[in-house]
Amino acid sequence: MEPRINLMANETASRFGKRFAAAGQVVEQSLPKSLQELVSLRTSQINGCAFCVDMHTKEAAHAGETAIRLNLVAAWREATVFTDAERAALALTEEATRLADGHHGVSDETWAQAREHYDEDRIAALVCLIALVNAANRLNVSVRNPAGSYEPGMLAAMQDSLQH
């Protein structure tokens, strides 16, 4: 599978990518890496973004996440390997990603559960992360970026190259 367009080589997309990368850095400084990757992986699974599933699985494993937890992200409700805080973040992730599936968006119950575990800054970071990953999924799915060749650290290197 070949991508329809190379977003990094396109002038308009590259300019957008610089701003997108800068927004991502704000979130990266606000949440633990393992939580970021679990949320990003679940969002990407829901959206069917193979490129991002590949990337977030490998980045999480590289950061020390266990195979059992990575394998169970898609079935987190039935798994015993996630903390209450992670479960609240994953519930928020699903509802904020599946906006079209529910006419009320994120439920008050899910929001209250997330607020039990995260202060205002961290919940803001979670909401921003979910929005960014949803946007990245839509970019990658639209251009058909293929999965399988991602290596840990590639995203950071790409972000660094966009910043300069």
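Me: Which residues of α2 are buried, and what covers them?
Reply: In this predicted model, the buried residues of α2 are Leu 35, Gln 36, Glu 37, Leu 38, Val 39, Ser 40, Leu 41, Arg 42, Thr 43 and Ser 44. The cover over these buried residues of α2 includes α1, α3, α4, α5 and α7.

Me: What span should the 15 residues of α2 have, and how far apart are its end C-alpha atoms?
Reply: The expected value rests on 1.5 Å a residue, taken over one less than the number of residues. For the 15 residues of α2 this gives 21 Å, and the end C-alpha atoms lie 21 Å apart, so the two values agree. Beyond the helix comes Gly 48, which has a positive phi near 65°.

Me: Is Ser 44 buried or exposed, and which residues does Ser 44 touch?
Reply: Ser 44 belongs to helix α2, and because its relative accessible area is 0%, it counts as buried. Setting aside residues up to four places away in sequence, the residues that Ser 44 touches are Cys 49, Cys 52, Val 53, His 56, Val 133 and Asn 137.

Me: Which residues have the most contacts inside the largest nonpolar core, and which element gives the largest share of it?
Reply: The largest nonpolar core holds 15 residues, and those with the most contacts inside it are Leu 31, Leu 35, Val 39 and Leu 126. The elements that contribute two or more residues to this core are α2, α5 and α7. The largest share, 7 residues, is that of α7.

Me: Which residues of α7 are buried, and what covers them?
Reply: Helix α7 has 24 residues and reaches 35 Å from its first C-alpha to its last, close to the 34 Å expected at 1.5 Å a residue. Its buried residues are Ile 123, Ala 125, Leu 126, Leu 129, Ile 130, Leu 132, Val 133, Asn 134, Ala 136, Asn 137, Asn 140 and Val 143. What covers these buried residues of α7 includes α1, α2, α3, α5 and α6.

Me: What is found at the start of α7, and which residue just after α7 takes a positive phi?
Reply: At the start of α7, a side-chain oxygen of Asp 119 comes to within 3.2 Å of the backbone nitrogen of Asp 121. Just after α7, the residue with a positive phi, of about 60°, is Arg 144.

Me: Is Asn 140 buried or exposed, and which residues does Asn 140 touch?
Reply: Asn 140 has its place in helix α7, and because its relative accessibility is 10%, it counts as buried. Not counting residues up to four places away in sequence, the residues that Asn 140 touches are Cys 49, Phe 51, Cys 52 and Asn 145.

Me: How many aromatic pairs does a search of the whole structure find, and how is the pair of Phe 16 and Phe 20 arranged?
Reply: The search of the whole structure finds 2 aromatic pairs. In the pair formed by Phe 16 and Phe 20, the centres are 5.6 Å apart and the planes make an angle of 35°, an arrangement that is tilted. Both residues lie in helix α1, 4 residues apart, which is about one turn of the helix. Phe 16 is partly exposed at 44% relative accessible area, and Phe 20 is also partly exposed, at 22%.

Me: Why is the pair of Phe 51 and Tyr 150 edge-to-face, and how far apart in sequence are the parts that this pair ties together?
Reply: The ring centres of Phe 51 and Tyr 150 are 6.4 Å apart and their planes stand at 85°, so the pair is edge-to-face. Tyr 150 is buried, at 2% relative accessibility. Because Phe 51 lies in helix α3 and Tyr 150 in the loop between α7 and α8, the pair ties together parts whose separation in sequence is 99 residues.

Note on methods. Residues are numbered from 1 along each chain as its sequence is written. This is a predicted model: local features need pLDDT of at least 70, side-chain atom pairs count only at pLDDT 80 or more; totals for chains, interfaces and linings use all residues. Side-chain values use heavy atoms; hydrogens and water are left out. Rings of Phe, Tyr and Trp (its six-membered ring) pair if their centres lie within 6.5 Å; planes under 30 degrees apart count as stacked, over 60 as edge-to-face and the rest as tilted. Buried means under 20% relative accessible area, exposed over 50%, partly exposed in between (1.4 Å probe, protein chains only). A nonpolar core is a set of buried Ala, Val, Leu, Ile, Met, Phe, Trp, Tyr and Cys residues joined through side-chain atoms within 4.5 Å. Contact means heavy atoms within 4.5 Å. A polar contact is a pair of N or O atoms within 3.5 Å; within protein, one must be able to donate a hydrogen and the other to accept it, and residues adjacent in sequence count only if both atoms are side-chain atoms.
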